[in-house]
Amino acid sequence: MLTTTATLSSSTASQLTPLFHSLSPNPISLKFSSTLRETNKRTKATSFTRQTCHLSAVPALRVSANYEAAPATAEASTVPSEMKAWVYEEYGGVEVLKFDTKVSVPQLLEDQVLIKVVAAALNPVDFKRRQGKFKNTDSPLPTVPGYDVAGVVVKVGSQVKDFKVGDEVYGDIHEKALEGPKQSGSLAEYTAVEERLIALKPKNLDFVQAASLPLAIETAYEGLERTGFSAGKSLLVLNGAGGVGSLVIQLAKHVFGASRVAATSSTGKLELLKSLGADLAIDYTKENFEELPEKFDVVYDAIGQCDKAVKVVKEGGSVVALTGAVTPPGFRFVVTSNGAVLKKLNPYLESGKVKPVIDPKGPFPFSKLVEAFSYLETNRATGKVVIDSIQ
């Protein structure tokens with residue numbers, strides 16, 4: 001059941017309005033365990049055995065480490081030893097992604113919770129990682145991709161304090177996006193994550209909505225924090241209809257108290273920008289934002305145009321550059337996953353002041369992950385591309 005929360009006044013509203021789903025009445029409550037953490041805590045004695053799955057004649061991934069799993073304090077039911085997951089064994093395009101029905105469920109460490117995945121979202125970092133853009137700091141192949149997750153806790157490690165079996169949670173499972181991300185990600189039936197990286201799912205959001213948020217909203221928030229953004233300041237967001245940009249607009253306006261927010265998008269998404277809180281919506285197909293007479297305290301570049309962004313920032317202002325070349329005074333950062341940020345923002349999500357923005361082509365079923373990645377890589381998605389029906 002889908003409901004639409006953001007209102008578009010244009011004639012194309014039905015195609016461009018983000019999807020805001022109603023709360024799922026039947027949360028899944030299964031169980032799961034995990035082995036793999038950041039690179040500096042992995043052992044080198046990981047072994048892999050292979051079998052054949054029913055969707056493709058691709059070897060299955062089995063992961064087993066040479067240390068004992070930490071005892072769990074609670075569990076909902078018997079966790080299977082194997083799960084369905086998407087795996088790649090070499091870097092490359094979408095063609096390296098293979099669906100596997102015999103992937104070993106990761107074992108649980110003492111500070112982790114095991115989540116039965118209900119929904120997961122895709123991010124540009126997912127395909128850049130798969131393409132080998134940061135393979136020097138990546139975990140060893142083969143890899144189960146995926147950063148964002150929303151699901152149900154089915155098992156907790158012995159040192160977990162804040163979560164219990166049955167809790168509905170969400171988060172970005174990789175503390176450092178580019179430095180030793182876990183080998184076993186969220187695009188699987190089960191995933192394991194340290195409790196400090198997750199938060200309880202906002203009560204008014206379903207799993208698809210919640211899965212769309214963690215990495216993007218944490219990136220939006222951390223970027224604004226790093227600029228010293230505060231009430232009364234002005235902001236320009238480049239690519240305001242994207243996954244991060246759509247949240248930057250909302251956080252700046254409704255959490256930080258921006259005096260004025262401008263944002264860029266293509267013609268058909270201008271009304272979306274306004275519905276999210278933009279005071280000025282700029283059509284980049286018709287206007288050159290760098291020629292605006294107006295200057296801004298902060299420019300948040302989520303598209304890769306830092307060389308132009310620096311032309312419209314006030315003296316002493318800041319330019320956040322998420323991608324592309326960085327031109328001073330622009331700066332880049334890599335987000336750190338932090339459940340405390342999600343917890344802090346939950347009241348704004350539950351009040352409806354900040355809303356998930358989900359691309360209208362989605363959510364994509366688990367079986368259509370390749371199509372979902374191909375779409376994301378066109379750079380034309382509105383908001384976030386989400387995967388559901390993970391089973």
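**Figure 1. Overview of the predicted chain.** The chain has 9 helices and 18 strands, where helices (H or I, at least four residues) and strands (E, at least two) are DSSP runs numbered from the N terminus. This is a predicted model, in which local features need pLDDT of at least 70 and side-chain atom pairs count only at pLDDT 80 or more, while totals for chains, interfaces and linings use all residues. Residues are numbered from 1 along each chain as its sequence is written, and side-chain values use heavy atoms, with hydrogens and water left out. Of the 391 residues in the chain, 57% are buried; buried means under 20% relative accessible area, exposed over 50%, and partly exposed in between (1.4 Å probe, protein chains only). The chain exposes about 15,500 Å², with 50% of it supplied by carbon and sulfur atoms (Shrake-Rupley method, 1.4 Å probe). Contact means heavy atoms within 4.5 Å. Among contacts between residues at least 6 apart in sequence, 71% join residues at least 24 apart.

**Figure 2. Crossing of helix 4 and helix 8.** The axes of helix 4 (residues 214–227) and helix 8 (residues 339–351) come within 10 Å and cross at roughly 90 degrees. Helix 4 is therefore roughly perpendicular to helix 8, a class that covers angles of 65 to 115 degrees. Axes are lines fitted to C-alpha atoms over the stretch in contact, and angles run from 0 to 180 degrees between N-to-C directions. On the helix 4 side, P214, I217, E218 and Y221 meet G339, V341, L342, K344, L345 and L349 of helix 8. The residues of this contact divide into 7 nonpolar, 1 polar and 2 charged. Here Ala, Val, Leu, Ile, Met, Phe, Trp, Tyr, Cys and Pro count as nonpolar, Asp, Glu, Lys and Arg as charged, and the others, Gly among them, as polar.

**Figure 3. Nonpolar cores.** A nonpolar core is a set of buried Ala, Val, Leu, Ile, Met, Phe, Trp, Tyr and Cys residues joined through side-chain atoms within 4.5 Å. The largest one has 56 residues, and I217, L224, L235 and L251 have the most contacts inside it. Helix 4 gives the largest share of this core, 6 residues. Leaving out residues up to four places away in sequence, L251 touches I217, A220, Y221, L224, F256, L345 and V354. A second, separate core of 34 residues includes W86, V113, I115 and I173.

Figure 4. The peptide bond from L141 to P142 is cis, with omega near 0 degrees. P142 sits in the loop between helix 2 (124–130) and strand 7 (148–157). Another cis peptide bond joins P328 and P329, with omega about 5 degrees. P329 belongs to the loop between strand 15 (313–321) and strand 16 (330–331). Both P328 and P329 are touched by V310, as are V319, T327 and G330, not counting residues up to four places away in sequence. V310 itself lies in the loop between helix 7 (306–309) and strand 15. The C-alpha atoms of V310 and K295 are separated by 9.8 Å, and these residues are 15 residues apart along the chain.

Figure 5. Most residues other than glycine have a negative phi. Phi of N379 is near 65 degrees, a positive value. N379 is found in the loop between helix 9 (369–376) and strand 18 (385–388) and is exposed, with a relative accessible area of 63%. Phi of S389 is also positive, near 55 degrees. S389 lies in the segment after strand 18 and counts as partly exposed at 40% relative accessibility.

Note on methods: Angles under 35 degrees count as roughly parallel, over 145 as roughly antiparallel, 65 to 115 as roughly perpendicular and the rest as oblique.
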